[in-house]
Amino acid sequence: MAITMIPWNPDSYTNYAPTTPGALSYGEPNAGGDLMVSWGASTDSNGDAVTYVLEQSVDGGNVWTQTAAGIQGASYLAAAPTGKATIRYRVRATDGSLWSAYSTGPVVEVNQPPAMPLVSYGPPRAGKSLEVSWSASEDPEGEAVTYTLEHSVDGGAWVQDGAGIAETGYTATVPGSGVSLRYRVKAADARGAESPYSTGPAAAISYNADPALSGTDTDLGSCAAPPSYSYTVADEDEGDTLTLTESLDGRVLRTVEDAVRAQTYTAAVSPSVWLGLPNGAHTLTIAASDGQGGAALRTLAFTKAEDEL
């Protein structure tokens, strides 16, 4: 049996464009953040491989900019622009020679981050508390703002002190080692858009010890006559100059400059002060400071119970 070979006629083959991609789906991105853009897959009646080109338009403009080409799947992780109010995407499919129509998604808002806060702090003392504060950040969309605080020792890695802080300040604990310390803070809105970091200056970590007052906080009980309290002060840093401040109910009674270590001092309520003091509860305090940020406080409670004529 004879077999007749019919030559292939290229004019008899018709190539068809891929179908238009299905509806695009994407959320409202944060400025500069990642945004997953997805769409319904196209089909090609000739069985050709299909790839996609994704484009974007910002702020309602008619100019479309290519985001990516040669995309093999029906999704793409795009980067949202910064400094733009709105964005929209469109996609079309190709089999390498023919193109489908565009499928265009909706216009969505680009969520802008809060303003950058400005951080500040005082001299850090090893192992002690340090108040770190910053200016309040405003969010362009009016959302609630929280803050993240981090620190770095000697220019090393940043370590988080706190996150989700609603206030414009935080009581941090200074590390017990290292030469220098710095803090940085950033703001975030409810949708996670973040400001740039505000980084404070490097500050030398002080290893100055606190002065120490003898005795313990106590209640002197009921007093029919002016009370007094004897004490000494100590400080292991020999070069520190010590100052003592004795107060009654917040009113300074006496200040001792250049106090001598281990010498006995007596805090007393003078007769004239006692005379004007009403019966009832009162507080006598003794504060010691070393001029280097170190301090100690002794609190003595008493009740004046003098017989009134």
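**Figure 1. Contacts of Ile-286 in the predicted model.** In this predicted model, Ile-286 touches a set of residues that lie beyond its neighbours within four places in sequence. Those in contact with Ile-286 are Leu-213, Tyr-229, Tyr-231, Thr-245, Glu-246, Ala-267, Ala-296, Leu-297, Arg-298 and Leu-300.

**Figure 2. The largest nonpolar core.** This core contains 22 residues. Ile-286 is among the residues with the most contacts inside the core, together with Leu-213, Tyr-231, Val-233, Leu-244, Ala-259 and Phe-302. Two or more core residues come from each of the following elements: strand 18 (228–231), strand 20 (243–248), strand 22 (265–268), helix 1 (271–275), strand 23 (280–289) and strand 24 (295–304).

**Figure 3. Strand 23 and its pairing with strands 20 and 24.** Strand 23 pairs with strand 20 in the antiparallel sense, over six bridges. The pairing of strand 23 with strand 24 is likewise antiparallel and runs over 10 bridges. Within the latter pairing, His-282 is found opposite Phe-302 of strand 24. Strands 23 and 24 make up a hairpin, and five residues lie between them. In the turn, Gly-291 has a positive phi of about 75 degrees.

**Figure 4. The salt bridge between Arg-254 and Glu-246.** The closest N and O atoms of Arg-254 and Glu-246 are 2.8 Å apart, and the two residues form a salt bridge. Glu-246 has a relative accessible area of 3% and is therefore buried. Arg-254, with a relative accessible area of 33%, is partly exposed. Glu-246 is also one of the residues in contact with Ile-286.

**Figure 5. The salt bridge between Arg-90 and Glu-55.** Side chains of opposite charge can pair when their charged atoms come close. In this view the side chains of Arg-90 and Glu-55 meet in a salt bridge, at 2.7 Å from N to O. The pair links distant parts of the chain: Arg-90 belongs to strand 5 (residues 86–94) and Glu-55 to strand 2 (residues 51–58), and the two are 35 residues apart. Arg-90 counts as buried because its relative accessibility is 17%, and Glu-55 counts as buried at 8%.

**Figure 6. The salt bridge between Glu-150 and Arg-184.** Glu-150 and Arg-184 are joined by a salt bridge in which the closest N and O atoms are 2.7 Å apart. Here too, distant parts of the chain are linked, with Glu-150 in strand 10 (residues 146–153) and Arg-184 in strand 13 (residues 180–188), 34 residues apart. Glu-150 has a relative accessible area of 9%, so this residue is buried. Arg-184 is buried as well, with a relative accessible area of 17%.

**Figure 7. A network of salt bridges.** Four residues, Glu-28, Glu-109, Glu-143 and Arg-191, are linked in a network of salt bridges. For the model, the count of salt bridges comes to 11.

Figure 8. The three strands stand in the order 8-9-12, and their pairing is antiparallel. Strand 8 (119–121) and strand 12 (169–173) are the edge strands, each of which pairs on one side only. From one strand to the next, the twist averages 30 degrees. Strand 9 (residues 129–134) is joined to strand 12 over five bridges in the antiparallel sense. Ser-129 is placed opposite Thr-173, a residue of strand 12.

Notes. Residues numbered from 1 in each chain as written. Predicted model: local features only at pLDDT ≥ 70, side-chain atom pairs only at ≥ 80, totals over all residues. Heavy atoms only, no water. Pairing = 2+ DSSP bridges. Helix = DSSP H or I, 4+ residues; strand = E, 2+ residues; numbered from the N terminus. Axes fitted to C-alpha atoms, helices over the stretch in contact; angles between N-to-C directions. Core = buried A, V, L, I, M, F, W, Y, C linked by side-chain atoms within 4.5 Å. Buried < 20%, exposed > 50% of the residue type's maximum accessible area, 1.4 Å probe, protein only. Contact = heavy atoms within 4.5 Å.
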